[in-house]
Amino acid sequence: MKLMIAKIRDHGWGFLLAIVFLTVEAVCDLLQPTMLSKIVDEGVAKGDTGLITQLALSMLGIALLGAMGAVGRNYFASNVSQRIGKELRGDLYRQVQRFSFENIDRLQPASLVTRMTNDVTQIQNFINGCMRIFVKAPITCLGAIVIIVWQMPGQIPVLAGVIAVSALLIWGNMKLGYPRFGRMQQRLDRLNQVSREYLNSVRVVKAFSRESYEQRHFDGAAQELAGASESAMRVNAVFSPLISLAVNLGIVLLLWLGGYRGGIPAGELMASVNYMTQILFAVGMISNILNTMVRAVASAQRVEEVLAEQPSMEEKGEKQLPAAPPAVAFEQVSFSYLGSSRQAVRDLNFTVKPGQMCGIIGPTGCGKSTLVNLIPRFYDATSGRVLVGGQDVRALDASSLRRAIAVVPQKALLFTGSIEDNLHWGNKDASREEVEQAARAACAHDFITGFAQGYETQLGQGGVNLSGGQKQRLCIARALLKHPSVLILDDCTSALDATTEAQVMRNIRSYASGITSFLISQRISSVMRADVVICMENGVIAGIGTHEQLMEHCGVYREIYRSQIGGEEDGR
């Protein structure tokens, strides 16, 4: 609730004006039954047409004033709630941008998406309901009670019984509903995760004809959400009719007592029924808004969890990375992923000199990508130090460090927009000549100019209208256009044929001459000509040196060579 109260306080004037207009509307609604009672008991009963006309015009004026209050209330309620929703989503997005990979791994992307969308919508709906309904309901309810007590004191026992039973039912509704709505949001997280996973992997699903399996997977998650939703709604479905029944029984009891006792003026009886009806409406509104509040509180806790999450690494450092290509050194570096007892890499010790190319090879899952992810501080080492330019990366300003590093990840990632827009991610101020130069180095220029619109060709989400090899070459060109001090190529030529890959690697060596670079590859032909080669196995360095040295002293490297090329090494 603290989050919602803080946001309401930030928009206090708009919230207050909505309450003022709402109060005007509620007071006008409360005056209507009293005016009607006077028309019946004083005008109709006495045949005074002048009084009837006067009171009718007064009722019309009050109704118009109430309508104006409703318009003002709706305007300010919608305006304030929409602005609060916008601010919350902005706060969440900015917070997520501060997170390290470890934070995102812990909170999960699907859950973060749900919190920025559905959870914020729940909060927004509750704040809107507060200004439109929640404040009006108690004003109407209390006003009707006061008028009944003041004008019809004989009906106090019935009124007290109705209020006591209704309050007990509302409390039971909240008590049982709160945990169920929390579970419902968790099941929604799960459904979003399943949907996101399928949409990201749709090609693989169709290639293996696994649509039926994915359908069952989705149906299971949808059924869990439906079950949680049914459980939450079932509580409301039981308690809401009981609350209405309690108030309606009170109305019936009032009518019976009026007939049994006799002597109650018809207008007064009509007014009391109207006020009891208003109480029924108000209690129903209170019950509904409390249900909304239960969902909003559960959602607010989830939003607050994200906003309170402290980034696992401090990215603001005092030191800046020099412009010259730096040396990169690992000193006794070990790292474990969150929630894993196994070390992904351990006891890494090596130095790559400025301007050298370091090739990294090893079996799948041996820690190659983890190693290079520690250089730009996507993760911080669990123990030991990663040094860039002789400085611990944890002491460097992360923005300065990452501006000096270009990364081509294993999975080629492109954005909706033109090819040129995507390449400009590497350098937004690059000229067309520089863009084309980088594209040629990545062997991408020819296929780009083969499109009718060339560099202005529009890409679908994730570059869906390109082949895997084309996407990889664009990602390489984007990284080269950055003119980095450190270049990391994480198995980014896996979709290229051997001839194209060899040409790309020759171009990179020429284009990135003097840049400290790391090349991860499954192909030994890609790394064997690097200045230094690291061979990894089970998270540790099995061997380090030149190709010739590893062939002589590293059995793991020698086995990889023989499995891919065959025969004995000829020294070339």
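Visitor: Why does Tyr-337 count as partly exposed?

Guide: This is a predicted model, and in it Tyr-337 has 29% relative accessibility. Buried needs under 20% and exposed over 50%, so Tyr-337 falls in between and counts as partly exposed.

Visitor: What makes Tyr-379 buried?

Guide: Its relative accessibility is 9%. The cut-off is under 20%, so Tyr-379 counts as buried.

Visitor: How do you know that the rings of Tyr-337 and Tyr-379 are edge-to-face?

Guide: Their centres lie 5.3 Å apart and their planes stand at 90 degrees. Rings pair if the centres lie within 6.5 Å, and planes over 60 degrees apart count as edge-to-face, so this pair is edge-to-face. Tyr-337 sits in the loop between strand 1 and strand 2, and Tyr-379 in the loop between helix 11 and strand 4, 42 residues apart.

Visitor: Why is the pair of Phe-101 and Phe-378 called stacked?

Guide: The ring centres are 4.8 Å apart and the planes are at 15 degrees. Stacked needs planes under 30 degrees apart, so the pair is stacked.

Visitor: What does the pair of Phe-101 and Phe-378 tie together?

Guide: Phe-101 lies in helix 4 and Phe-378 in the loop between helix 11 and strand 4, so the pair ties together parts 277 residues apart in sequence.

Visitor: Which residues do ring pairs link into a cluster?

Guide: The cluster consists of Phe-101, Phe-335, Tyr-337, Phe-378 and Tyr-379.

Conventions:
Residues numbered from 1 in each chain as written. Predicted model: local features only at pLDDT ≥ 70, side-chain atom pairs only at ≥ 80, totals over all residues. Heavy atoms only, no water. Phe/Tyr/Trp six-rings, centres within 6.5 Å; stacked < 30°, edge-to-face > 60°. Helix = DSSP H or I, 4+ residues; strand = E, 2+ residues; numbered from the N terminus. Buried < 20%, exposed > 50% of the residue type's maximum accessible area, 1.4 Å probe, protein only.
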